[in-house]
Amino acid sequence: MSDINGLKEIVRAENLKKTFSISRKQRRIEKTDLTRKVAVNGLSFSAYGGEIYGLLGPNGAGKTTTLRMLSTLIKPDEGDAFVMGHSVCKEAARVRDCMGFMTGELKLEGFFTPDYLFDFFGAMHGVDKATLAARKKELFTRFGIDRFAEVRVADLSTGMAQKISLVVSIVHDPEVVIFDEPTNGLDVLTAKVVTDFLLELKAMGKSILLSTHIFSLVEKLCDRAGIIIDGRMIAEGTLEDLCGDLSLEEKFFEIYHGIKGDVL
Amino acid sequence: MKLAALMRKEFHRFFHDPRLIMTLLMPGLFIFLLYSVLGEVIHETEPAKYDYKVYLSGQSQIVSILENTVIGTGSSIEFLEVSSSEEAIDAVEKGEANAYLIFSENFDASFDAGATVDIYYTSSDVDEGTGESFYALANSVLQTCGMRFSIVPHSFLTQESLGKMIMKSVLPMLVVTFIFSACMSVTLESVAGEKERGTLTTILATSVRRSDIALGKILPLCCIASLGAASSFLGIAFSLPKMMGISFSVFFQSYGFVSYLLLFLSIMGLVPLIVSMISTVSAFSRSVKEASAFTSVVMILMMVLSLITSFVSNVGDWAVVVPVFNSVFVMEEILAGGAPVLLTLAAFGLNLVYSALLVLLISRMLSSEKIMFGK
Ligand SMILES: Nc1ncnc2c1ncn2[C@@H]1O[C@H](COP(=O)(O)OP(=O)(O)OP(=O)(O)O)[C@@H](O)[C@H]1O
Ligand SMILES: [Mg+2]
């Protein structure tokens, strides 16, 4: 882990590469003859402590693949990444313990209550009972879940359910939270719950890595962003460095047309 | 500790959902009702009047009571002279006579002092169940005379009528099917459902060992599905006598405790095997729909297999190494009146081993990104 300008490097991706072989069915859907698809192609970047880092890219750019490699769900073909200094290739279990992973769609079983799920995932991360109880009290109060603690997730509003999956993903007090498409498919109210939550997490001193294709989300939340197109990092830096005088959207299309020409 | 939490979660989900419990317990009730009704129908068509031929040795007043009772039910009875005991037993076994009744010496005088009645009868029903019905009748007469002497029944299970034979031979298939559906109802949702909904991914992103995840699913699912299997077992245990038109106690005596235990073992041995088979298929599938399509194919295969076993005789003991097939094979032997202790234990043990191998396979699958995250 290195310190740059007083910033602590929390996540470092080094030349990540991932190629998938494409099934015949997928070839038909994507109208391609290629049997292999390079989803992520030599991606490197760093995210720093206490910041929100956004991976911005169009559909199929390789965002989900990158975040899955960072959260040890899949293995890179080449390169490596480090979360809190632990290699995702060699120390997967350590990485999992200091990281919370979330995707935009609800990923909790509706059958259970927030209280139960919190305890369950606490146990999955090996959090001891006393710590877990204290943390539950703190987080449930802070995010207004305590009144719903015993209501089954399926019976809650989408916003509340989303909040619960967010809280559950940080049950083990991870340093880093990795979040794939946090507001995908959510209405404005629920999306606001999520963005508020992320800002709150940042205020708690957590580092956040998120992916999105929504410019405004990056502008609203992120300190730093990387633009990914076709599995490559095209531009990266703090928002000011990245955009200069342009809006993020203008900048993105400037870059995009630079690479792809005027075809859209 | 993580394994315990994983297991608790499965149990919690199940035992807080009354509908799931119902779907599990239904099969047993279904077998019971089906076989009881079938039994009633079959036995209703039997003539209510018999002409009993019974060998009699020894003397008692009970004989005349018995004779009157028989006549009272509209049947007739003919007592035959016994020249030698062997000959009489032989005749009963061959079905030439319905029963052989032996009162011990000085029977009436020693009511309280060790008097016994031996009854040999055929529980064959090629001759329309006369042996059994005579035994049932004699038994009830003897019992109303007081149980101060002991009744020793000896039955010969001989050929059966076609109807019963069919019922018996489809029984293992029914059992397999019901256990399969019990396992399916709990496993598909729990494994394929979690994969489809992505909740499995949430667990995979924690530092839990993959083998714990696999075991944390399979063990509780086995326990839960065992309830279903136990219900099927009870359904069979209570409906078989009805199907044969005899009382439960007579049935229990003729099969015996060991057979029941073996039947129970061979049914229970199927549970972990089928649960882990369905789990494997589910872990492989992308959605519950896909998983249930695959599983249905497996189920049909299994039904065909168990049906074949029923109609092919002389399957060698090697069959015991074939998963699922082995339990069916053992079940048949037991229902045919055998008590294949070693075979049953071997089938049970082997099925456990196969299940363990499948659990290993599933933990490998959980680590495989192609299977968990493939498109
Ligand atoms: N398991 C897989 N097997 C085959 N191809 C895959 C697999 N996962 C991703 N891909 C392909 O890799 C490319 C990048 O996918 P990825 O999901 O990382 O993109 P994304 O940036 O998250 O896009 P989206 O905005 O659609 O979520 C896509 O072309 C996708 O079809
Ligand atoms: Mg994606």
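Predicted model: local features only at pLDDT ≥ 70, side-chain atom pairs only at ≥ 80, totals over all residues.
**Figure 1. Chain B is built from 14 helices and five strands.** Among its contacts with a separation of 6 or more, 78% come from residues 24 or more positions apart. The chain exposes about 16700 Å², with carbon and sulfur atoms supplying 66% of that area.

**Figure 2. Lys195(B) is a buried lysine without a salt bridge.** Here we look at helix H6 of chain B, residues 162-197, where Lys195(B) lies. Which side chain of opposite charge is nearest to Lys195(B)? It is that of Glu290(B), 7.1 Å away, whereas a salt bridge needs the charged atoms within 4 Å. The side chain of Lys195(B) does reach the backbone oxygen of Ala283(B), at 2.8 Å. Leaving aside residues up to four places away in sequence, Lys195(B) touches Leu200(B), the run Ser282(B), Ala283(B), Phe284(B), Ser285(B) and Arg286(B), and also Ile371(B) and Met372(B).

Figure 3. Cys222(B) is in no disulfide either, and its own nearest cysteine sulfur belongs to Cys223(B), 6.8 Å away. For comparison, the cut-off for a disulfide is 2.5 Å between the sulfur atoms. Cys183(B) counts as buried because its relative accessibility is 0%. Cys222(B) also counts as buried, at 11% relative accessibility.

**Figure 4. Glu181(A) has a positive phi although it is not a glycine.** Now we turn to chain A. Most residues other than glycine have a negative phi. For Glu181(A) the angle is about 45 degrees. Where does Glu181(A) sit? Look in the loop that runs between strand S8 (176-180) and helix H7 (188-203) of chain A. With a relative accessibility of 9%, Glu181(A) counts as buried.

**Figure 5. Asp230(A) is another residue other than glycine with a positive phi.** Its phi is near 50 degrees. Asp230(A) is found in the loop between strand S10 (224-229) and strand S11 (232-238) of chain A. How does Asp230(A) stand in terms of relative accessible area? At 41%, Asp230(A) is partly exposed, whereas Glu181(A) is buried.

Conventions. Residues numbered from 1 in each chain as written. Chains lettered and ligands numbered in written order. Heavy atoms only, no water. Helix = DSSP H or I, 4+ residues; strand = E, 2+ residues; numbered from the N terminus. Contact = heavy atoms within 4.5 Å. Areas by Shrake-Rupley, 256 points an atom, 1.4 Å probe, with all protein chains shown as cover. Buried < 20%, exposed > 50% of the residue type's maximum accessible area, 1.4 Å probe, protein only. Lys, Arg positive; Asp, Glu negative; His and termini not counted. Polar contact = N/O pair within 3.5 Å; in protein donor to acceptor, adjacent residues only side chain to side chain.
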